[in-house]
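Hi there,

Here is the structure I promised to pass on to you.

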Amino acid sequence: MTPLALRLAGAVLAALLSAPMTAHAQVEVRMWTLLSGGDGARMSDLVQRFNASQRDVRVVSTTLKWGEPFYTKLITSSVVGAGPDIATVHLSRMTNLAGGGVLRPIAPHELQDAGLAPGDFYPRQWQKSQHAGKTYAIPVDLHPLVLYYNKTLAGRAGLLDAAGALKPIQGFDALTDAFRAVRQATGRPGMTMESSQSSYAIWRLWITMLAQRNAPLIENGRFAYGPAGVDSLARISSWFKAGYAQPGLDYAASTSQFMGGNAGFMINGVWEVPEMVRATGQGTLGFEYGIVPLPRMFGNDSVWADSHAFAIPANEGRPMSQQKARAVMRFIAFVSRNSLGWAQGGHVLAYRPVAESPEARALQPNRAYAEVPRHVIYDPDAWYMGAAGPLEAMASKYLPAALSSQLAPGQALRMFETEAARLIRKRPPRY
């Protein structure tokens, strides 16, 4: 073979060897998440499993501080084109994020190419992922408020049936009586929930009560809860004034109080289920626990909830390539189809094929609150609403003060309204 022929053969061989590498170059997907603790660990596991399942796409996940810091960074980074390729968000923030131009819509063909369809998701969650007729997020779960109970303390208070389950509680007075019974029988708080300033639990419980009383929060740009709102906050405050619950506890202190066996009940979200399961399995909990849906206190079974979801930042000036979009949707589809482990974190799944599987239906303690999704309410749709949103942050400044008797319930709500009224009159921002 002549030198020229050798050079040509070498060039052809080099081209053949390099072509597959170029055609199959790995796509890196950058994800920002606000998930920490057990949720963070489960999402990290899903990312690792996805990366190990194939070689075409690699997801690199970064965890940012939950709440306002996360959303502030997501908004500002997307506006300047420096955001991630995918982010975990709350569906309660859709009006703010989608309406503000922070997220880009997910086209029907992108959903279809990933093997997903609107009917794969529960209607309430899918509806909440829409804005102005377009899809802006893919729901992952639903996480409502529930009522945890310590079977040892509840049993000593005579609140369990012959099978060791909590006797039915219906009505605000019946719930108060249960807290009182534990306090009187054991000397320990009947109930615990986070109640320090900047706590969000009071907001979630308060709007649950409003919904159960069919009292609107806001109508025509004005607060409309009226006497029902004041009375609801006063009723919650009465638990603390009577000594059935300890005021001033932050989130960690309130959960520790229950986990330490020092409170009969705990009002919290299902996201604490993994810790309860872990402590039970390791034998460190010290008591048997149970979970029931948050009781009907007034006219219906409404209960606050929110949902985690995947969304794609708009990244102004840096549009996402079709190749990157396919990679992102491939990851979302993988998580949806492999979300049984996510349900083990206590969450109610949004992806129906897994949620309705025998394995998911058999999960404990999830079965105890399996009917809750039928009754959930989200924060109302508005740009200032949602998880760690401006209105919720304002409420967390004033409403907890009513629990510690620093402010009367009516005074706390007036101060909240005065500050928030300026907010709800503002035009929705376009970031």
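Is S92 buried or exposed? Its relative accessible area is 4%, so S92 counts as buried. Leaving aside residues up to four places away in sequence, S92 touches K128, D306, M385, G386 and A387. Two of these neighbours also meet its side chain through particular atoms. With the side chain of D306, the S92 side chain makes a polar contact at 2.5 Å. The S92 side chain also reaches the backbone nitrogen of A387, at 2.9 Å.

Now for the chain as a whole. It holds 18 helices and 16 strands, and its C-alpha trace spans about 100 × 50 × 35 Å along the principal axes. Of the 431 residues, 54% are buried. Among contacts with a separation of 6 or more, 77% link residues 24 or more positions apart. The accessible surface comes to about 18,900 Å², and carbon and sulfur atoms account for 53% of that.

A word on confidence: the average pLDDT is 93, and 94% of the residues score at least 70. Residues 1–22, however, have a pLDDT below 50, and this stretch has 1 contact in the model beyond near neighbours in sequence. Where pLDDT is low, the predicted coordinates should not be read in detail.

Best wishes

How values were computed:
Residues numbered from 1 in each chain as written. Predicted model: local features only at pLDDT ≥ 70, side-chain atom pairs only at ≥ 80, totals over all residues. Heavy atoms only, no water. pLDDT = per-residue confidence, 0-100. Contact = heavy atoms within 4.5 Å. Helix = DSSP H or I, 4+ residues; strand = E, 2+ residues; numbered from the N terminus. Buried < 20%, exposed > 50% of the residue type's maximum accessible area, 1.4 Å probe, protein only. Areas by Shrake-Rupley, 256 points an atom, 1.4 Å probe, with all protein chains shown as cover. Polar contact = N/O pair within 3.5 Å; in protein donor to acceptor, adjacent residues only side chain to side chain.
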